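Student: I would like to understand how the labels used for a protein structure follow from computed values. Could we take them one at a time?

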Amino acid sequence: MMKNKNRSKVIKCSDYQWDAVPRKEYKDDSQCYRGVHRYSLLGEADDEQQLNFQTRYFEVEPGGYTSFEIHRHPHSVIIIRGAGEVVLGNELHQVGLHDVIFVAPETPHQFHATGEDPLGFICIVDRYRDRPTLPGDEFIKNEITDGQVREKIKR
């Protein structure tokens with residue numbers, strides 16, 4: 001016999017909007033990105049405290065990009081809308097629908113929406129994690145040696 005109240009749930013989605021999940025600004029500092037919003041799907045609410053991870057949806061408007069950042073925690077990313085490019089360290093990759101990206105710890109990264117539609121992706125990270133840092137000019141000069149990648153990075 002189950003004694004605990006069932007706290008399981010289904011969050012319905014329609015046109016990349018989830019019931020009772022507000023669209024938020026990507027970050028507080030809007031100077032390091034362009035055209036990005038996020039939805040915190042699982043792992044932030046009080047009734048989800050047993051999760052050791054957070055599931056978020058990010059949407060990057062056409063021509064937009066996330067911040068170029070680095071941190072100690074890994075990411076699991078699944079593209080569910082549109083197409084784009086991702087900078088992973090000194091590499092640039094084309095990404096599209098259903099592609100899966102692993103962002104390893106300490107890997108500078110940035111997502112770009114390059115198509116006519118928004119680039120939308122599910123991102124799963126540890127609940128308790130470090131804050132990202134934004135690599136500066138000196139880091140880029142010393143660590144990013146590929147010219148195409150350097151040109152792609154926006155800050």
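Student: How many aromatic pairs does the structure hold?

Tutor: This is a predicted model, and the structure holds 8 aromatic pairs.

Student: What makes the pair of Tyr26 and Phe58 edge-to-face?

Tutor: Here the centres are 5.7 Å apart and the angle between the planes is 85°, and because an angle over 60 degrees counts as edge-to-face, that is the name this pair receives. Tyr26 sits in the loop between β3 and β4, whereas Phe58 belongs to strand β5.

Student: How do you know whether Tyr26 and Phe58 are buried or exposed?

Tutor: Tyr26 has a relative accessible area of 10% and Phe58 one of 6%; buried means under 20%, and therefore both residues are called buried.

Student: Which residues form one aromatic cluster with Tyr26 and Phe58?

Tutor: Tyr33, Phe111 and Phe121 form one aromatic cluster with them. Phe111 and Phe121 are also among the residues with the most contacts inside the largest nonpolar core, which has 19 residues, and the largest share of this core, 4 residues, comes from β11.

Terms used: Residues numbered from 1 in each chain as written. Predicted model: local features only at pLDDT ≥ 70, side-chain atom pairs only at ≥ 80, totals over all residues. Heavy atoms only, no water. Core = buried A, V, L, I, M, F, W, Y, C linked by side-chain atoms within 4.5 Å. Buried < 20%, exposed > 50% of the residue type's maximum accessible area, 1.4 Å probe, protein only. Helix = DSSP H or I, 4+ residues; strand = E, 2+ residues; numbered from the N terminus. Phe/Tyr/Trp six-rings, centres within 6.5 Å; stacked < 30°, edge-to-face > 60°.
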